[in-house]
Amino acid sequence: MMNTSIAIYPGSFDPVTNGHLDLIERAQKIFGHLVVAVLRNVDKQPLFNVTERVEMLREVTKSWPGVEVDVFEGLLVDYARRRQAGVILRGIRAISDYEYELQMAMMNRKLEPRLETVFMLPGETYSYLSARLVREIAMLGGPLTGLVPPQVEARLRAKTA
Ligand code: PNS
């Protein structure tokens, strides 16, 4: 029922960065099927709506046949059960990510003990990169080269022009 060759990579992806992509590239070599799952979060005020975030993710992951992009709402463990996934994938950049990730992973384990959280490390070039900083740099007109894929940079420029 829970299949460990199916992994869910959940997140906000507002927008997808080269750090996310680095992790997706590494993970699609390990898991037969990788579902990049965009959270439809009613509380947050996102820069890109869910449709835009999904479009960008699909564009930049289209060369990997094992990668699917989907939207979820509600509890992640419920979504994972529906998708029959046995693994939740999260990226850890630095020690500062660890506390929040540990708390989420442990809570998810409490909610669904059959689900394993797997942490992967992005390339060191991306260890300081975050979607929040990307949004801020874009808003302030700074350079985004190397931080996001070209398609995402174009959309950020259009959004913040
Ligand atoms: O990219 P983010 O914002 O760090 O991702 C956070 C995310 C989407 C993984 C987390 O907020 C989540 O799983 N939300 C779904 C609701 C849920 O299951 N909450 C309990 C988590 S212990």
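Predicted model: local features only at pLDDT ≥ 70, side-chain atom pairs only at ≥ 80, totals over all residues.
1. Residues are numbered from 1 along each chain as its sequence is written, and side-chain values use heavy atoms, with hydrogens and water left out.

2. Two further contacts to the ligand are worth a look. A polar side-chain atom of Ser12 lies 2.6 Å from an oxygen atom of the ligand. With Leu76 the backbone takes part: one of its N or O atoms lies 2.8 Å from a ligand oxygen atom.

3. Now for the wider shell. The ligand is surrounded by 14 residues, and the closest are Gly11, Ser12, Leu75, Leu76 and Arg90 (a residue is near a molecule or strand if one of its heavy atoms lies within 4 Å of it). Strand S1 and helix H4 (95-111) each supply at least two residues of this shell, and H4 gives the most, with four residues. Helices (H or I, at least four residues) and strands (E, at least two) are DSSP runs, numbered from the N terminus.

4. The space taken by the ligand is the largest pocket. On a 1 Å grid over the protein atoms alone, a pocket is an open set of points with protein on both sides within 12 Å along at least five of seven lines, whereas a cavity is a set where a 1.4 Å probe fits but cannot get out; lining residues have an atom within 4 Å of a point. A molecule sits in a cavity or pocket if more than half of its atoms lie within 2 Å of its grid points.

5. The loop between strand S1 (3-11) and helix H1 (18-27) holds Pro15, and the peptide bond from Asp14 to Pro15 is cis, with omega near 0°. Phe13, in the loop between S1 and H1 as well, has a positive phi of about 50° although it is not a glycine. Most residues other than glycine have a negative phi, and most peptide bonds are trans. Phe13 is buried, at 3% relative accessible area (buried means under 20%, exposed over 50%, partly exposed in between, with a 1.4 Å probe and protein chains only).

6. Gln84 also has a positive phi, of about 60°, and is not a glycine. Gln84 lies in the loop between H3 and strand S4 (85-91) and is partly exposed, with a relative accessible area of 43%.

7. The structure holds 16 salt bridges, each a side-chain nitrogen of Lys or Arg within 4 Å of a carboxyl oxygen of Asp or Glu. One of them joins Arg40 to Glu73, with the closest N and O atoms 3.7 Å apart. Arg40 lies in the loop between S2 (33-39) and H2 (50-61) and Glu73 in the loop between S3 (67-72) and H3 (76-82), so the pair ties together parts that are 33 residues apart in sequence. Arg40 is partly exposed at 40%, and Glu73 is partly exposed at 49%.

8. Arg114 and Glu112 meet in a salt bridge at 2.9 Å, N to O. Glu112 is buried at 4% relative accessibility, whereas Arg114 is partly exposed at 45%. Asp78, Arg81, Glu112 and Arg114 are linked in a network of salt bridges.

9. Within helix H5 (residues 131-139), Glu136 and Arg132 are four residues apart, about one turn of the helix. Their side chains form a salt bridge at 3.9 Å, N to O. Glu136 is partly exposed at 41%, and Arg132 is exposed at 51%.

Note on methods. Polar contact = N/O pair within 3.5 Å; in protein donor to acceptor, adjacent residues only side chain to side chain.
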